[in-house]
Amino acid sequence: MIEIKNLTVAIEDKQILNGLNLTVNDGEVAAIMGPNGSGKSTLSYVIAGKEDYEVLDGEILLDGVNILEMSPDERAASGVFLAFQYPLEIPGVGTMTFLKATLNAQRRARGEGELSTPDFIRKVNAAAEKLEINKEMLKRALNVGFSGGEKKRMEILQMALLEPKFCVLDETDSGLDIDALRIVSGGVNALRAQGRSFLVITHYQRLLDYIVPDVVHVMSQGQIVKSGDKDLAKALEASGYAEYRTGEAA
Amino acid sequence: MPAVQETIDRVRSIDLDQYKYGFETTIEMEKSEKGISEDVIRFISAKKDEPEWMLAWRLDAYKRWQTMQEPDWARVSYDKVDYKDIYYYAAPKRPAAMSLDEIDPEILKTYEKLGIPLREVEVLEGIAPERRVAVDAVFDSVSVATTFKAELSKAGVIFMPISEAIREYPDLVKKYLGSVVPVTDNFFATLNSAVFSDGSFVYIPPGVRCPMELSTYFRINERDTGQFERTLIIADKGSYVSYLEGCTAPKRDDNQLHAAVVELVALDDAEIKYSTVQNWYPGDNEGKGGIYNFVTKRGDCRGANSKISWTQVETGSAITWKYPSCILRGDNSRGEFYSIAVSNGMQQVDSGTKMIHLGKNTTSRIISKGISAGRSQNTYRGLVSAHKKATGARNFTNCDSLLIGDQCGAHTVPYIESKNASAQFEHEATTSKISEDQMFYCQQRGLSNEEATALIVNGFVRDVLQQLPMEFAVEAQKLISISLEGSVG
């Protein structure tokens, strides 16, 4: 379970998150919607531990432990996963090499043994098949020359392999056509399980037709301003974010 | 702590003290008197029991050297060597060993610690025949052991210390020594010609594919000593050889000079693949100590359809001045240069290659990857030239630089000269930084700072690592990671 308490964050002296409170229960899929500039991406980066953000106050508890004290890789090993809006390219590093390095790094950090190569390959192949990722793609350098849809599927493949406790999906639907959206959502839905929670960040209700959330939160000016069930997302789609923009500078 | 401050602290804490090969071996050494003179050269020549012609050659080089100036065009700055204040010859006191049992156990221990197998039995155990490597071990000024000599000689391959070859194969040595790097080539090569002490000699007879990798392991141990090794490799018609050299030295506060000359000759249809893993002591974080690596390496593709390929992984030395080059004399000959140069701390690297196209339809390829971290400076300097008779000459050059941190520098200085209108030269160069976003992405997936850097760097140098014999590629990959430890914030 993840509990975010009074999270206050600034970047370059500009305060972005203003005492945000949010709880995501075990096995729950929570969606966060909100207008541009409401702080959604900042929230995802602060959870994952990106530098440049200054945490002024508050805490993020994963199963009762404040992860704000941890480095990004320690957070990853304790179960935090961020599916990037714009996954990075790593030239010259084969996808399989990258997957194996990250999986084994996390296992080592948790005091588990490294996976044998045959076990690892079996695991990757099984997960790749579900996401319609072909072997050719696994042979290429990570994300280099991948299409937008391929990059997003690769993010979900990594999520499936790393088996995190808390998955943050940052605008995973951006740049996806309907087919890719279906595949990616299918991959996410297959990972829904007790003991794993999701925070799905999106602008559009469309994604939530595929990944049906248990809870929907509306974010504005660095705070959660409204929460409800999946119908809240539908209502937002109809009315727009206008009522949540009050007081916003631009 | 704000991110920027942390980065600065990290860069500051770069610790070159992780140099693992910095230990010293204590054994009794015999040295020439300090400084250089005709007497010292006579002493070295006498120690090696050399024929008169060799001594004359050395003395001639010494005479020329006295009229020469140390070059200053490279992008490096250092306290000049006091040539009067170093020893030009230092050798373990025990007489040359006939078998391993006669080698000073301290030296055997040294090589064991360095992971270099000198006992053939140990080498043989559990290793497939094609994976065996014959080793010539050079300790300061002399070769202390050469393995697999008997087996190689069955194939007709000569692999021995050059001092032995001068006595046993004077005609071969006379014919080729100085034929690629002339005595007066440059200040350091001329000095080497006067005082060189040992190194390896290789001759592959016509049509022979050398049955195993050959390698030389250079170790500088003695204080205040210069190492002046000389290597000569001749691949006769239609032959093939792959050769690897490795280098380490103890940690010392003062600088030590390493001025080597390597000459390669490939006759018709022959191929030489020469790989270097250079890990001389780089000095400490403040730039104190370390090896001056002033080396002249040149290959002559003398015959038609011959090929010479240089692959280097350079991680050590305080100052590197080194341009392994190819003279493409034979028609259709080919030269290759694959380089990874890593600099960290206060290291300065000025390295590259020269591809001199003389024959028709000669081709060359240059792939250079420079990685700079800490406060180091890393320069690629290369010349590609086509003689007026080099019709159809072609070159492809790719120089990539990767910067880690914001206090280091990368420089690319390519020279291109073409006197033949049909020559086609292509040059590509990029400079990039490991982006914070890439680092964050890798860390988010569970890799530590160090692991993420190593992974990204390995991706960057992959094209070159692939050129190394497999077991050395693994070694080189580790070495690169170690050299960059602590360099990323």
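In β18(B), M355(B) is the bridge partner of C326(B). This is a predicted model. The contact belongs to the pairing of β16(B) with strand β18 (residues 348-357) of chain B, which is parallel and spans three bridges.

**Strand β16 of chain B**

β16 covers residues 325-328 of chain B. S325(B) and I327(B) point one way. C326(B) and L328(B) point the other way. Each of these four residues is buried.

**Strand β6 of chain B**

β6 covers residues 200-204 of chain B, and five of the five are buried, so this strand is largely enclosed by the rest of the structure. Both of its faces are covered. One side carries S200(B), V202(B) and I204(B). The other carries F201(B) and Y203(B). β6(B) has an antiparallel pairing with strand β5 (residues 158-161) of chain B. In that pairing, F201(B) of β6(B) is the bridge partner of M160(B). β6(B) also runs parallel to strand β8 (residues 230-235) of chain B. Here I204(B) stands opposite A235(B) of β8(B).

**Pairings**

| Strands | Sense | Bridges |
|---|---|---|
| β16(B) and β18(B) | parallel | three bridges |
| β5(B) and β6(B) | antiparallel | four bridges |
| β6(B) and β8(B) | parallel | four bridges |

Note on methods: Residues are numbered from 1 along each chain as its sequence is written. Chains are lettered from A and ligands numbered from 1 in the order in which they are written. This is a predicted model: local features need pLDDT of at least 70, side-chain atom pairs count only at pLDDT 80 or more; totals for chains, interfaces and linings use all residues. A residue is buried if 20 or more other C-beta atoms lie within 10 Å of its own, exposed if 12 or fewer, and partly exposed in between; C-beta atoms are placed from the backbone. Helices (H or I, at least four residues) and strands (E, at least two) are DSSP runs, numbered from the N terminus. Two strands pair if DSSP finds at least two bridges between them.
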